[in-house]
Amino acid sequence: MELLSQVLALEPTNQVLGNEPIVPFAILLVVILVVPILFERLRLPGLVGLVFSGVVLGPSGWNVFQPDSPTINLLSDIGLVYLMFIAGLEIDLEQFRRQKSRSFGFASFTFFIPLALGTLIGQIFGFSGNASILIGSMFASYTLLAYPLINRLGIVKNQAVSVTIGATIFTNIGALLVLSLCIAVHAKQFSYWGLITLFNSLIIYLIVVLVGFDWAGKEFFRRSGDDEGNQFLFVLLCVFLAAVGAQLIGVEKIVGAFLAGLAVNGVLASGPVKEKVMFVGSVLFIPIFFVHLGSLINLPPASNFSTLKLTLFIVIGLLLSKFLAAFLAKLLYRYNWQEMLMMWSLSLPQVGATLAATLVGYRAELLPIWVLNSVISLMLVTSTVGPLITSRLAASLASSSVEQHATTTPSYQNIENKHSNFTIVVPIYNPQTQQYLIEMAALLARQENGRIIPLAIATAAAHMDAPQLEISLQRSERLLSKATAQSQVLSVQAEPLLRIDDAFAQGISRAAREQKASLIVMGWGKRTGLRARLFGNVIDSVLWASHCPVAVTRLVESPRKIQRILVPVENLMAPSLHPVQFAQMLAEANQAQVTVLNVCDRRTSSSKIASRRSQLGLLVSKLALPNPPEVQIIAHENVVQAILQAARLYDLVVLPFIRNRTSPGGLAISDVTTQLARQLTCSIVMLGEPERNPTEVLPTAVSNTTTVIGNAVIGNG
């Protein structure tokens with residue numbers, strides 16, 4: 001203690017803190033946590049706030065961050081690699097395969113036209129031919145920042161939209177290859193023999209990464225089973241091995257990271273490991289990269305007209321070249337103006353490959369600082385304007401898709417079909433939530449003339465005679481006995497099932513599959529703690545692994561008392577009507593009334609509101625329900641507030657379960673379902689669809705079984 005006091009006495013506290021690398025890192029965490037939230041409330045992208053924070057805290061502002069700090073540079077480099085990896089991981093290969101010829105056509109337009117115009121702008125401002133081509137290549141790629149929005153509105157399957165999504169694989173690879181070539185020329189490594197060697201090395205490298213990593217990933221995932229931790233580490237190893245391999249053959253590491261994302265794309269699919277990989281990057285490393293990028297900005301004086309002029313040329317050139325590319329695609333593929341403008345707005349945001357290429361060119365001293373400033377300004381403009389235009393166009397494009405869908409979609413199967421072997425499996429863990437979930441299972445079982453199977457999971461120990469396992473078995477037997485008694489009171493046949501398994505989630509999913517379940521209904525769960533966010537909880541695992549729909553419930557009163565059910569429908573596409581079917585099943589068992597609600601913009605005209613009401617009514621009629629639900633359209637500026645106000649009159653709200661996705665830019669996109677789940681005070685059911693079978697209909701199109709899961713959160717309840 002004495003020694004510590006002497007040390008502190010010799011060195012002032014501010015100097016001690018100034019020499020500690022942990023201090024800027026702590027400030028970074030505060031910035032990453034607070035700033036994006038503030039900017040999103042201002043209806044600006046969170047990444048804009050991160051870049052702005054870098055400017056304020058960097059040498060151009062308060063000088064808290066030093067851009068050349070080894071710690072910050074390392075974290076920023078990891079963020080840069082992660083950014084390009086996620087860009088490759090987010091590419092929808094299925095969409096690309098379905099529209100590969102048209103995707104290649106649009107990619108050619110949106111790559112070569114911006115490349116030519118960007119190169120011309122570089123020549124106008126006196127850059128060398130090599131630097132001018134690099135500037136042009138920055139225009140060529142784009143980032144699908146608005147993908148979560150179009151996915152939520154159900155217009156991803158529109159041909160023009162899917163073509164734009166598929167084209168990113170060509171534009172990003174092309175832009176990164178041009179970058180590598182320009183850097184090689186700048187480093188005096190360019191010769192005919194060197195070019196041949198580079199291309200040969202690149203071909204071998206592509207085969208090793210795209211084929212070898214894909215095969216190795218599938219083998220490792222098959223052998224590792226459900227060990228998400230090791231799978232997560234394997235994916236990270238692939239990313240950094242690909243980055244190192246790219247540098248060994250003389251190609252930029254961001255090319256390797258992007259190819260690694262493509263390679264493991266099929267391995268990860270949409271499983272829980274992919275979500276965790278993207279989570280780590282989007283909440284930590286990628287935001288640090290954006291903050292560091294902002295700290296590199298050297299604000300020009302007001303008199304520096306040349307920088308402002310270059311920025312203006314770059315922004316206008318990008319907007320014009322992307323518009324010309326979309327217009328040529330419209331003429332060639334005969335898209336309408338709405339679809340053409342949608343392609344234009346989706347191809348505007350310049351975030352992932354553009355920023356990565358600019359930073360690499362700046363570090364290689366091929367591009368000056370004022371080009372970096374101009375490209376960051378371009379990113380700020382396009383990442384704001386692009387998604388804004390997309391959101392304006394998406395609603396009308398979704399409505400036009402509904403009209404076509406409503407006239408071409410065959411009628412749904414009638415959910416009144418009865419099955420003598422209709423089965424409801426009720427895994428139980430929490431005695432406090434067990435009663436209401438057994439009641440819900442009983443209502444559904446009686447409605448379908450079925451039975452319920454109370455299920456208890458006892459986690460396996462190393463030895464089958466271990467005392468812990470014996471205690472778990474005794475507890476499970478008591479729960480099953482209680483559940484059986486409750487079922488008998490409700491006049492429902494019950495067949496209790498006790499299962500020993502490695503983990504609760506796997507045991508539930510496997511038992512549901514063995515029982516041929518068609519619906520899983522889980523109790524509400526807490527999501528607290530770092531481990532829960534990184535590796536999820538039982539609910540997440542069952543949602544990812546389930547072969548059938550999953551309903552997550554929070555019941556504040558007995559299901560038998562539910563008389564009014566509200567089903568908010570965010571987009572007017574048929575898959576979003578699955579919650580309506582679930583609500584109608586419960587309503588028929590309880591003689592309750594279902595209301596389907598859609599919220600539109602306050603500025604929507606009365607004629608358009610009437611059109612939306614008729615469209616929604618037409619889609620609901622396709623369900624062929626015996627007691628059709630009431631249809632309501634509300635005009636409001638805030639979707640969440642409109643639903644919250646309407647929900648005050650209802651006993652239960654049924655919501656679609658939509659996962660928080662991350663954009664290729666690395667920032668999480670919040671959704672209406674998440675906000676409603678936090679603020680609603682009545683009972684809630686969130687219905688999630690299985691990944692591989694999202695278009696099935698409840699309850700007859702999947703199988704003859706329903707599963708109800710009875711706990712708050714197993715392990716946390």
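**Ground rules.** I worked from a predicted model, where local features need pLDDT of at least 70, side-chain atom pairs count only at pLDDT 80 or more, and totals for chains, interfaces and linings use all residues. Residues are numbered from 1 along each chain as its sequence is written, and side-chain values use heavy atoms, with hydrogens and water left out.

**Entry: S683.** I found S683 in strand β10, residues 683-688 (strands are DSSP E runs of at least two residues, helices H or I runs of at least four, numbered from the N terminus). Is S683 buried or exposed? It is buried, because its relative accessible area is 0% (buried means under 20%, exposed over 50%, partly exposed in between, with a 1.4 Å probe and protein chains only). I then followed its side chain, which reaches the backbone nitrogen of V556 at 3.0 Å. Leaving aside neighbours within four places in sequence, I listed R554, L555, V556, E557, D651, L652 and V653 in contact with S683 (heavy atoms within 4.5 Å).

**Entry: H578.** I looked up H578 next and found it in helix α25, residues 578-590. H578 counts as buried because its relative accessibility is 1%.

**Entry: cores.** Which residues touch the most other members of the largest nonpolar core? Of its 132 residues, I noted Y82, F85, F290 and L355 (a nonpolar core is a set of buried Ala, Val, Leu, Ile, Met, Phe, Trp, Tyr and Cys residues joined through side-chain atoms within 4.5 Å). Apart from it lies another core of 50 residues, among them V426, L490, V567 and L619.

Technical notes: A polar contact is a pair of N or O atoms within 3.5 Å; within protein, one must be able to donate a hydrogen and the other to accept it, and residues adjacent in sequence count only if both atoms are side-chain atoms.
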